[in-house]
Each structure stands twice: as structure tokens, then as C-alpha cells.
Amino acid sequence: MRNSFLAVALAVPLVIGGLALGVLPAEAAGHTVTIQGHKFKPAKLTVAAGDTITFINQDSAPHTATANDGAFDTGRLSTGKRATVTVSAAGAHAYICKIHPSMKGTVTVH
């Protein structure tokens, strides 16, 4: 009986003065986009608000990952360099490489 009570007590959040204790916010996830062959891989990515995205340039040329709406910009990434961005605004964020505008991708935030 005592173990059953303990299991229930641990499973139910404790509320003190209207403040819920024992409920932890979800942790942000990390995602990776590789730049190779003048392409973003994957070119389409779906993430949760607050997740991070690391862009890694594995190409022989410099690149950027720059959102058309200003949601993020990695700046210029030389070969072997990386940049991590956090996108919080919900919606689809189309992005390009400013150096090679034919390179395109989309990050969708839920």
C-alpha cells in the first residue's frame, strides 16, 4: 500500500499556492542541416518552437542560411564551419544561401 501511494504521489504534480511543482518544461531539441553539393540537406525541416538548428558547411564553397523573413541568419560559413540558430516564431520560414540564391530550404516551426 505504501509503494502504491508513493507511485501516485510522484506521478501527480504538487500544487502549492497555485504553482505546479514537478512538471518540467519540454527540453528543446537539436537538429542538423548539412550543406553539401550546393544543397541544404534536408531542404525541408519541421521543428518545435525553441528548437535549435545547426547548419554545417561540408561544401568546398562558403555559404549562408538566411531566412527570407529575418527569422535567422547563420552569416557566412566557410568550409568546415557551423552555426546554430534558434527559431521561435511559428510558421514556415523559407531560407536561401545569400551567396548562391538558387540554394533554398524551409524550416517549419510548430
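**Notes on a predicted model**

1. Setting aside neighbours within four places in sequence, His 93 contacts Asp 69, Ala 71, Phe 72, Val 87, Gly 105, Thr 106, Val 107 and Val 109. The model is a predicted one. His 93 belongs to strand 9, residues 91–96. Its relative accessible area is 4%, under the 20% cut-off, so His 93 counts as buried. Its side chain also makes a polar contact with the side chain of Asp 69, at 2.5 Å.

2. Aromatic pairs number five. Phe 40 is buried at 3% relative accessibility, and Tyr 95 is buried at 1%.

3. Phe 55 and Phe 72 form a stacked pair, 5.8 Å centre to centre with 25 degrees between the planes. Phe 55 is in strand 6 and Phe 72 in the loop between strand 7 and strand 8, so the pair ties together parts 17 residues apart in sequence. Phe 55 is buried at 0% relative accessibility, as is Phe 72 at 5%. Ring pairs join Phe 40, Phe 55, Phe 72 and Tyr 95 into a cluster.

4. Two backbone features deserve a look. Most residues other than glycine have a negative phi, and most peptide bonds are trans. His 38, in the loop between strand 3 and strand 4, has a positive phi near 55 degrees. His 38 is partly exposed, at 36% relative accessible area. The peptide bond joining Lys 41 and Pro 42 is cis, with omega about 0 degrees. Pro 42 sits in the loop between strand 4 and strand 5.

Methods: Residues are numbered from 1 along each chain as its sequence is written. This is a predicted model: local features need pLDDT of at least 70, side-chain atom pairs count only at pLDDT 80 or more; totals for chains, interfaces and linings use all residues. Side-chain values use heavy atoms; hydrogens and water are left out. Helices (H or I, at least four residues) and strands (E, at least two) are DSSP runs, numbered from the N terminus. Buried means under 20% relative accessible area, exposed over 50%, partly exposed in between (1.4 Å probe, protein chains only). A polar contact is a pair of N or O atoms within 3.5 Å; within protein, one must be able to donate a hydrogen and the other to accept it, and residues adjacent in sequence count only if both atoms are side-chain atoms. Contact means heavy atoms within 4.5 Å. Rings of Phe, Tyr and Trp (its six-membered ring) pair if their centres lie within 6.5 Å; planes under 30 degrees apart count as stacked, over 60 as edge-to-face and the rest as tilted.
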